[in-house]
Protein chains: 2
Amino acid sequence: MIDAVSYHSESGSLELLDQTLLPVEIRKVRCTSEHEVAHAIVSMKVRGAPAIGVAAAYGIALGLASKANQSGDFNSALDAICKLLAATRPTAGNLFWAIDRVKRVVLAAAGGDFIKGADLALKEAHAIKAEDIAMCRRIGEFGATLLKDGETWLTHCNAGALATAGYGTALGVFRAAREQGKNFKIFVDETRPLLQGARLTAWELSQEGFDATLICDNMAGSLIRDDRVQGVVVGADRITSKGFVANKIGTYPLAVLAKYNGVPFYVAAPESTFDMSLSYGDEIKIEERDHNEVRFIGGVQIAPDNMPVYNPAFDVTPPELITAIITDKGIIRPIYGQTIPEIIGRKRPESLS
Amino acid sequence: MIDAVSYHSESGSLELLDQTLLPVEIRKVRCTSEHEVAHAIVSMKVRGAPAIGVAAAYGIALGLASKANQSGDFNSALDAICKLLAATRPTAGNLFWAIDRVKRVVLAAAGGDFIKGADLALKEAHAIKAEDIAMCRRIGEFGATLLKDGETWLTHCNAGALATAGYGTALGVFRAAREQGKNFKIFVDETRPLLQGARLTAWELSQEGFDATLICDNMAGSLIRDDRVQGVVVGADRITSKGFVANKIGTYPLAVLAKYNGVPFYVAAPESTFDMSLSYGDEIKIEERDHNEVRFIGGVQIAPDNMPVYNPAFDVTPPELITAIITDKGIIRPIYGQTIPEIIGRKRPESLS
């Protein structure tokens with residue numbers, strides 16, 4: 001199994017698969033301090049919110065262990081480590097959540113001892129990683145019931161082992177289906193502009209011997225029309241209380257093409273992706289990213305100098321286009337304001353109702 | 001105006017805008033012999049079926065002129081020139097049509113004289129170029145009536161001046177609308193895998209000062225959904241007698257997205273694009289191209305080594321998704337087996353009915 005964030009107890013180091021080099025080069029980066037972990041997060045050697053959270057949790061353990069022979073105040077050292085790691089990617093929700101969780105456990109039980117603190121942090125990091133994998137496995141098991149033997153499914157972007165602690169959400173569905181003995185094929189959208197499908201999903205699936213074929217994003221339509229795709233599954237960045245799904249740009253067109261051609265369209269995401277404070281899609285702010293992501297590919301200029309560009313990172317798919325949302329708590333179908341809290345066990349906050 | 005294929009009478013040479021270098025470098029290639037023209041076609045310095053036809057026609061004139069001081073049989077020299085030029089791109093219909101047309105005129109009236117033959121070929125090449133521009137202008141004028149002041153339209157691939165003798169089909173609609181004094185904005189799909197939108201259409205439109213914005217193909221969907229696009233116009237490679245349109249891969253998804261969101265979807269193409277021997281879309285053979293077009297961009301590897309790829313060059317859009325086909329003979333709307341021959345003045349061959 002692909003393990004992009006792995007702790008090695010013999011050497012006391014964290015090994016990260018350098019995702020900036022994939023798929024051309026497979027190289028692991030070894031981190032022995034919080035500084036090296038922070039640098040790996042900033043430089044996107046590790047990416048995907050759950051994977052970043054796990055890496056930061058290990059970073060706290062490494063930071064405390066490296067200070068065991070130094071004098072100095074435990075609490076202020078812990079604070080400094082956590083601040084350094086939290087400052088790496090200012091918008092990654094899982095990052096702060098993981099750091100806070102580890103910090104709380106360490107503060108409560110380490111008693112100011114660096115060795116004991118490092119040990120507690122390491123155990124908590126292991127737990128966060130194991131819980132993430134277990135959560136993805138539950139998503140995978142629910143999702144795999146929807147995939148029939150002999151079918152071909154399509155996915156977009158990378159909602160896989162590389163983005164999580166090791167099993168993936170959308171790609172977890174494929175892993176679980178294979179564990180259930182099903183045979184199937186996968187089409188992978190390359191996912192412009194950052195090509196996470198071509199660079200990461202294609203690598204991840206071919207590493208594990210899945211029958212996967214890469215296409216450009218604009219080729220999915222005719223495959224769906226020609227009955228060559230029996231299901232589409234994607235991840236999600238944020239889901240509102242009424243089932244509007246923000247995900248990587250290019251998700252909405254796939255949902256329309258699937259609907260128009262009668263092909264089921266699934267979203268796979270953990271319960272934590274639901275933002276119950278929002279109702280409709282237009283409440284989700286869509287980040288617009290650097291225009292050079294479109295004008296250049298791997299340093300090669302593909303458009304005129306200073307060509308005006310529009311580069312939204314996400315789009316929003318409305319619930320009427322989604323056949324079901326596959327969560328770690330169960331499958332939500334049909335999707336509307338009542339079914340979502342029934343499955344995920346959380347309601348829209350009273351103050352907003 | 002962009003003039004990608006221009007004859008210079010002072011120097012007796014053909015200047016071709018090198019489309020392999022666009023948009024990073026604007027360089028003209030000067031051809032003074034049929035060999036140089038053939039090489040420019042083979043190496044895709046000139047591309048787009050109408051543009052290739054015009055270049056080959058001039059190539060015959062250059063070939064005959066260069067042999068004026070040599071002894072040798074006129075007819076066999078003409079044959080050799082035509083064969084050389086015809087062997088450059090074995091599937092470009094306009095290439096053979098243009099060569100045949102020039103050859104027939106020269107054979108009928110040159111009387112074995114190289115100087116006279118070169119002059120006749122040059123006049124015919126000028127005529128072919130002028131007729132192509134006039135045909136595009138008629139498409140543009142019909143199409144511009146559909147574009148309202150203040151609207152934003154979207155286009156895909158390059159159906160522009162660079163692909164024709166100088167005015168374009170889909171982009172001819174924008175040129176004509178501007179000549180009519182209309183203000184409007186254009187979104188340009190980059191058009192993976194070969195990026196004709198980013199490299200050629202973006203360059204062509206920005207050169208002429210149009211208000212154009214480049215997007216990745218998978219961004220068109222949310223723009224259409226958000227009412228930021230009031231019309232879509234694309235070219236066509238082949239249209240059947242019942243109105244099925246084969247065009248650059250990615251056209252069909254745009255048509256579905258436009259239909260789903262109530263936005264008009266137009267195809268702009270000359271009468272010569274209609275293949276009345278075909279009825280339905282599945283009769284059109286879709287060329288699958290080199291897998292490295294998807295795995296590499298400008299020499300940069302973006303997918304794992306030997307990753308399986310599916311790379312269809314075209315897709316087929318059925319008539320029920322097309323609001324109208326804009327031809328040089330008029331606008332076909334609605335599109336079905338009766339309206340097409342009424343406008344283009346050609347029927348399905350009796351033997352096939």
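The side chains of A:Arg101 and A:Glu131 meet in a salt bridge, with N and O 2.7 Å apart; a salt bridge here is a side-chain nitrogen of Lys or Arg within 4 Å of a carboxyl oxygen of Asp or Glu. The pair links distant parts of the chain, with A:Arg101 in helix α4 (residues 93–109) of chain A and A:Glu131 in helix α5 (residues 114–144) of chain A, 30 residues apart. Helices are DSSP runs of H or I with at least four residues, strands are runs of E with at least two, and both are numbered from the N terminus.

Before going on, a word on the model: it is predicted, local features need pLDDT of at least 70, side-chain atom pairs count only at pLDDT 80 or more, and totals for chains, interfaces and linings use all residues. Residues are numbered from 1 along each chain as its sequence is written, chains are lettered from A and ligands numbered from 1 in the order in which they are written, and side-chain values use heavy atoms, with hydrogens and water left out.

**More on the salt bridges**

Is A:Arg101 buried or exposed? A:Arg101 counts as buried because its relative accessibility is 14%, while A:Glu131 is partly exposed at 40%. The cut-offs are under 20% relative accessible area for buried, over 50% for exposed and partly exposed in between, using a 1.4 Å probe and protein chains only.

Over in chain B, B:Glu124 forms a salt bridge with B:Arg101. This pair also links distant parts of its chain, B:Glu124 being in helix α5 of chain B and B:Arg101 in helix α4 of chain B, 23 residues apart. Both B:Glu124 and B:Arg101 are buried.

Then there's B:Asp328 with B:Arg138. B:Asp328 is buried at 8% relative accessibility, whereas B:Arg138 is partly exposed at 37%. Back in chain A, salt bridges that share partners join A:Arg101, A:Glu124 and A:Glu131 into one network.

Here are some of the pairs side by side:

| Residue | Partner | N to O distance |
|---|---|---|
| A:Arg101 | A:Glu131 | 2.7 Å |
| B:Glu124 | B:Arg101 | 2.8 Å |
| B:Asp328 | B:Arg138 | 3.8 Å |
| B:Glu190 | A:Arg192 | 2.6 Å |

By this rule, the count over all chains comes to 38 salt bridges.

**Where the chains meet**

In terms of contact (heavy atoms within 4.5 Å), 55 residues of chain A touch 55 residues of chain B. The area buried between the two chains is about 4,500 Å², and carbon and sulfur atoms give 70% of that. Buried area is the accessible area (1.4 Å probe) that two parts lose on being put together, summed over both.

**One helix and a few residues**

In α3 of chain B, the buried residues are B:Phe74, B:Ala77, B:Leu78, B:Ile81, B:Cys82 and B:Leu85. They cover an arc of only 130° around the axis, which puts them on the same side of α3(B). That arc is taken from the directions from the helix axis to the C-beta atoms. The buried residues of α3(B) pack against α1 (34–42), α2 (49–66), α4 (93–109) and α5 (114–144) of chain B.

A:Glu204 is in helix α7 of chain A and is buried, with a relative accessible area of 0%. A polar contact of 3.1 Å joins its side chain to that of A:Asn158.

As for the backbone, a cis peptide bond joins A:Leu22 and A:Pro23, with omega about 0°. A:Pro23 sits in the loop between β2 (13–17) and β3 (28–31) of chain A.

Methods
Polar contact = N/O pair within 3.5 Å; in protein donor to acceptor, adjacent residues only side chain to side chain.
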